[in-house]
Amino acid sequence: MPTIPEAFAKNIPVIFDGGADWIKRLLGLLETYAERWDLGLGEPFGLSFNYVVEAWLEDGSEAVLKLGIPCPDFRYELWALGSYAGRGAVRLLESDLEGGAMLLERVRPGNRLTRLEPGDEASHLAAEIMRKLHQTPVQHDFPHVSDWGRELLEAHQRKDPRLSKIPSALLDEALAAYPDLLASSPAPVLLHGDLHHFNILRGQNGWVAIDPKGGLGDPAYEPAQFLHNPSFADKSAGIECWPDLVLRTARRLEIFSEALSIPKERIRAWGIFQAALSSWWALENNYFDPSWLKAGLAIQSC
């Protein structure tokens, strides 16, 4: 039976209400789903908000078991993967929404899109995945981009002091553009919502997305997270230290605009807003890194 890393066991109760109880039940949950879906289980992958472990089906084929605390974020991810049905995204094999469990196909070789940066190929491949994902019929009650953005607006209205860590020029432009972006948005599509380099893997039949946030909104919103990445703990390897960051960001905007048939200025505007929104989410959850804002400022400079 897999082990539960100590750092993960300590982190989950801090992040989630009911996290301590869920950690106590986690080994039992692993046994339950291993028996229900006839799985052999290996070792967990790098863990953050969910417990993700390698698995094998009864016929020996590989899979991934993902367990999480049942909550809206887990529900939207599961719904999105089920809706994509393997088109541009990892395939959902089994699921238990109430229990917080999903069984996914194993993506092999599983290389991340970071391997193709810097250069144009990664952006072209990401745009291809976006086109596939945005063709998905909406079958569930997903949140809208306006629901996400409201969190930033409310923080600004109550003058939350943590917002002072976001450059005022970036925050002001983001908030000024936001109402017009919403008012002029086309018919909403099912957005991945977190489509960056670490959530795009090379699979057996091409590149696929993993870990969707799941939401509805303007397709021009989707490239935003990609424009802010890749980011690494080793700053010498990440976008934060690219000497030609503004030029590369401008090139990315051109690629997404052409590939998605969306005005470049609209993608740019959503990118600025999402940079501010992501920074606020990070501030709320105590993992804010000011170096991330370099990408947002680079978008603003384009």
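**Entry 1: helix over sheet**

I began with helix H2 (residues 19–36), which lies across S1, S2, S3, S4 and strand S5 (101–105). I take contact as heavy atoms within 4.5 Å. H2 runs at about 145° to S3. Axes are lines fitted to C-alpha atoms, for helices over the stretch in contact, and angles run from 0 to 180 degrees between N-to-C directions. Helices (H or I, at least four residues) and strands (E, at least two) are DSSP runs, numbered from the N terminus.

The model is predicted: local features need pLDDT of at least 70, side-chain atom pairs count only at pLDDT 80 or more, and totals for chains, interfaces and linings use all residues. Residues are numbered from 1 along each chain as its sequence is written, and side-chain values use heavy atoms, with hydrogens and water left out.

**Entry 2: the sheet**

I traced the strand order next. Five strands form an open sheet, ordered S1-S2-S3-S5-S4, with antiparallel pairing. Strands pair if DSSP finds at least two bridges between them. Strand S1 (40–44) and strand S4 (92–96) stand at the edges; each has a single partner strand, so one side of each is left without a neighbour in the sheet. On average, neighbouring strands of this sheet are turned by 25° against each other, direction ignored.

I then looked at one pair. Strand S2 (residues 51–56) and strand S3 (residues 62–67) run antiparallel and are joined by six bridges. I noted that Val52 has Lys66 in S3 as its bridge partner.

**Entry 3: H5 against H6**

Two packed helices are described by the angle between their axes and the distance between the axes. I looked up both for helix H5 (residues 145–157) and helix H6 (residues 168–183): the axes come within 11 Å and cross at roughly 140°. H5 and H6 are therefore oblique to each other. Angles under 35 degrees count as roughly parallel, over 145 as roughly antiparallel, 65 to 115 as roughly perpendicular, and the rest as oblique.

The H5 and H6 crossing is left-handed, that is, the near helix is turned anticlockwise from the far one by less than a right angle. From H5, I listed Val145, Ser146, Gly149, Arg150, Leu152, Leu153 and His156; they meet Leu171, Leu175, Tyr178 and Leu182 in H6. The residues of this contact divide into seven nonpolar, three polar and one charged. Here Ala, Val, Leu, Ile, Met, Phe, Trp, Tyr, Cys and Pro count as nonpolar, Asp, Glu, Lys and Arg as charged, and the others, Gly among them, as polar.

**Entry 4: two loop residues**

Pro70 sits in the loop between S3 and helix H3 (72–84). Pro70 is partly exposed at 41% relative accessibility. Buried means under 20% relative accessible area, exposed over 50%, partly exposed in between (1.4 Å probe, protein chains only). Leaving out residues up to four places away in sequence, Pro70 touches Leu97, Glu98, Gly99 and Gly100.

His196 is in the loop between strand S6 (189–191) and strand S7 (200–203). His196 is buried, at 12% relative accessible area. With the sequence exclusion of up to four places, His196 touches Gln225, Phe226 and Asn229.

**Entry 5: backbone checks**

I found a cis peptide bond from Arg108 to Pro109, omega near 5°. The bond from Glu117 to Pro118 is cis, with omega near -5°. Pro109 is in the loop between S5 and helix H4 (121–133), and Pro118 is found between S5 and H4.

Ala85 is not a glycine, yet has a positive phi of about 50°. Ala85 lies in the loop between H3 and S4 and is partly exposed at 44% relative accessibility.
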